[in-house]
Structures are given as structure tokens and as C-alpha cells.
Amino acid sequence: MSITRIEVEQVLARRLGSFLAETDMDALQDGVNPWLTDPLRWALTALGYTVASITAVTDSDLSGVETAHTEALLDLTELRTLEAVQTNLTSVDVTAGPLGERRSQLADRIGEMVAERRKVYGSRYASLLVAPLSGDAPKLASMAAL
């Protein structure tokens, strides 16, 4: 059984729904969330899969994903979605006399989440990734006889 685009979107909506809503990235167009297309495409290519289009990820692109890679796909898509949410946050701190609202704290918190997830997912899925997620990835060395 392969995962579908709708299933990916349902999982991500449960994981990141409030963040998507905060940045107005939760709207659907033609039944899919266009904001999740790039994170999903990035996750697929990070795992070595190809997609037919960089602007549309469909069920046929997901049909080749092995069941053993499903969790990695979801986690990597979540990571890239968090990065997109962070870059789309436009809230700023507001102060009016003694009252203030520090709305920029959300971007800071998401930045911490992204850094932590890059480390965790980078090590958890290192054997599946085409390229490392961070500079903390294990270095491979080989010796050649002369």
C-alpha cells in the first residue's frame, strides 16, 4: 500500500495545523494545500525519489515510496514545512505603553524546532538520505592502495 497526497496532508495538518493557520498557509486549492507541494517534493528527492514536476506532487509521484520510507517522508516534509512557515511569518512585536505582545517569539521557537529536527532526522534517516541534513553528518573515508 502506498501513501497518498491526501494522507500526507492530513498528517501534516495534525502535526503543524496551528503553524499553517498562523501564516495563512492552510488554504486548499483544487483540494490540495499548495504550500505543502515544495516540502513534499523536497522530502521525496532527499530520499532519492523523483517527481514528474517541481510544482505539483501527485499520488503517482508517491506511489513508488516504499512503506519503510513513509515515516522518513512525513518527518522530512514536516521539517521543510516548518522552514517554510518560519520564512512566511510576518508577525512583529507590538508595544503600546505598558502593554506589549512579542509575536516574533514564534519565529524564534520555530527556528529552534528546525535546528533540532535537522539533527534528529539527519541522524535517524542518514542511511536513506541522498545528502546530509546538517554538517553533523558522519564523514565517510576510504583508503586506496597505491
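Is His-69 buried or exposed? At 13% relative accessibility, His-69 counts as buried, because the cut-off for buried is under 20%. The model is predicted. Its largest nonpolar core has 34 residues, and its salt bridges number 10.

**Nonpolar core**
- Leu-62, Leu-73 and Leu-76 have the most contacts inside the largest nonpolar core, a set of 34 residues.
- Helix H4 gives the most, with 8 residues.

**His-69 and its surroundings**
- His-69 sits in the loop between helix H3 (59-62) and H4.
- Its contacts are Leu-47, Tyr-49 and Leu-128, with residues up to four places away in sequence not counted.

- Side chains of opposite charge can pair when their charged atoms come close.
- Arg-15 pairs with Asp-75 in a salt bridge, with 2.9 Å between the closest N and O atoms.
- Arg-15 belongs to helix H1 and Asp-75 to helix H4, so this pair ties together parts that are 60 residues apart in sequence.
- Arg-15 is partly exposed, at 30% relative accessible area, whereas Asp-75 is buried, at 4%.
- Arg-117 and Glu-78 also form a salt bridge, with an N to O distance of 2.9 Å.
- Here Arg-117 lies in H5 and Glu-78 in H4, so the pair ties together parts that are 39 residues apart in sequence.
- Arg-117 is partly exposed, with a relative accessible area of 21%, while Glu-78 is buried, with 5%.
- Both of these pairs belong to one network: salt bridges with shared partners join Arg-15, Glu-71, Asp-75, Glu-78, Arg-117 and Arg-124.

- Asp-38 and Arg-41 meet through their side chains in a salt bridge, at 2.6 Å from N to O.
- Both residues lie in helix H2, 3 residues apart, which is about one turn of the helix.
- Asp-38 is partly exposed, with a relative accessible area of 34%.
- Arg-41 is buried, at 16%, because that value falls under the 20% cut-off.

- Asp-24 has a phi near 55°, a positive value in a residue other than glycine.
- Asp-24 lies in the loop between H1 and H2.
- Its relative accessible area is 60%, so Asp-24 counts as exposed.
- Asp-30 likewise has a positive phi, of about 55°, although it is not a glycine.
- Asp-30 is also placed in the loop between H1 and H2.
- With a relative accessible area of 84%, Asp-30 is exposed.

Note on methods: Residues are numbered from 1 along each chain as its sequence is written. This is a predicted model: local features need pLDDT of at least 70, side-chain atom pairs count only at pLDDT 80 or more; totals for chains, interfaces and linings use all residues. Side-chain values use heavy atoms; hydrogens and water are left out. A nonpolar core is a set of buried Ala, Val, Leu, Ile, Met, Phe, Trp, Tyr and Cys residues joined through side-chain atoms within 4.5 Å. Buried means under 20% relative accessible area, exposed over 50%, partly exposed in between (1.4 Å probe, protein chains only). Helices (H or I, at least four residues) and strands (E, at least two) are DSSP runs, numbered from the N terminus. A salt bridge is a side-chain nitrogen of Lys or Arg within 4 Å of a carboxyl oxygen of Asp or Glu. Contact means heavy atoms within 4.5 Å.
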